[in-house]
Amino acid sequence: MSAHSRMYIVPTDRWYIERSVWLIAGCVLVAATALAALVHPLWVLAIVASGADSIMVSLTGFCIVGNLLARLGFSPALARKDWAPGRLYLIQTDRWYLERRIYLVVGFNLIVASTLSLLHSPWWLLFTGFVGGAMVWFAATGFCIMANGLYWLGAEPRLAPGGAPQRADEMPRDGRAAT
């Protein structure tokens, strides 16, 4: 892993499955955070469920919402190479690329902050709300603070601006850009 100096922004030219998942998850997190803060603290369980799902996506490649979006006709950007419409949608898990690490770190942070909001202080909900807002921002603009932090530390992304691979070893033999 070598450090990067430029900014990392995911493609925003179309609504692919993963980008749509970030938008939906962000909206769920913002709503669940508001409900936990204003209605009842046990709404934090919706945040925990979102965090657990994010960790599951990073470890197994299986995404519940992603599969629903695939059934609705959305196309993926990080699906396994053998994926085809009508088949089970799974993200690539052949290596720990940047976007997969995002799922893991987000899930871990959500579970820790949610637990702390119940056991220590409801002020921890500010963090879960921030994460939800950041996910909506990420889906809308392609920019994510955490993704750039991981990128600057040297994590290699699968999604590159314009769909072109970031590294030469990810270029298929026929010379076309991989998605």
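Reader: Let's start with contacts: which residues is R100 in contact with, leaving aside its neighbours within four places in sequence?

Author: The general idea is that contact means heavy atoms within 4.5 Å. Here, with neighbours within four places in sequence left aside, R100 is in contact with S58, L59, I91, Q92, T93, D94 and R95. One caution before we go on: this is a predicted model, where local features need pLDDT of at least 70, side-chain atom pairs count only at pLDDT 80 or more, and totals for chains, interfaces and linings use all residues. Residues are numbered from 1 along each chain as its sequence is written, and side-chain values use heavy atoms, with hydrogens and water left out.

Reader: How far away is the nearest side chain of opposite charge to R100?

Author: First, the terms. A salt bridge is a side-chain nitrogen of Lys or Arg within 4 Å of a carboxyl oxygen of Asp or Glu. For charge, Lys and Arg count as positive and Asp and Glu as negative, while His and the chain ends are not counted. Buried means under 20% relative accessible area, exposed over 50%, and partly exposed in between, using a 1.4 Å probe and protein chains only. Now the case: R100 is buried yet has no salt bridge, and D94, the nearest side chain of opposite charge, is 6.0 Å away.

Reader: Which side chain does D94 meet in a salt bridge?

Author: That of R158, at 2.9 Å from N to O. R158 lies in the segment after α6 (145-152) and D94 in the loop between α3 (64-71) and α4, so the pair ties together parts that are 64 residues apart in sequence.

Reader: How many salt bridges does a search of the whole structure find?

Author: It finds 2. R87 is partly exposed, with a relative accessible area of 43%, and D82 is exposed at 52%.

Reader: Now a tyrosine. Why does Y16 count as buried?

Author: Because its relative accessibility is 1%. Y16 lies in the segment before α1 (17-38). Not counting residues up to four places away in sequence, Y16 touches V10, P11, W22, S75, P76, A77 and L159. One of those, S75, is 59 residues from Y16 along the chain, yet their C-alpha atoms are separated by 5.3 Å.

Reader: What lies 2.9 Å from a polar atom of the Y16 side chain?

Author: The backbone oxygen of P11. As for the general idea, a polar contact is a pair of N or O atoms within 3.5 Å; within protein, one must be able to donate a hydrogen and the other to accept it, and residues adjacent in sequence count only if both atoms are side-chain atoms.

Reader: Back to α4. Is S114 buried or exposed?

Author: S114, found in helix α4, counts as buried at 1% relative accessibility. Leaving out residues up to four places away in sequence, S114 touches V44, I47, V48 and T128.

Reader: And L119, buried or exposed?

Author: L119 also lies in helix α4, but L119 is exposed, with a relative accessible area of 71%.

Reader: Which residues make the nonpolar surface patch?

Author: Patches are made of residues with over 30% relative accessible area and no salt bridge; like charges are joined within 9 Å, and nonpolar side chains (Val, Leu, Ile, Met, Phe, Trp, Tyr) within 5 Å. In this model, L42, L45, L118 and L119 make a nonpolar patch of about 430 Å². Accessible areas come from the Shrake-Rupley method with a 1.4 Å probe, and for residues only the protein chains shown count as cover.

Reader: What does the secondary structure of the chain come to?

Author: 6 helices and 0 strands. Of the 179 residues of the chain, 41% count as buried.

Terms used. Helix = DSSP H or I, 4+ residues; strand = E, 2+ residues; numbered from the N terminus.
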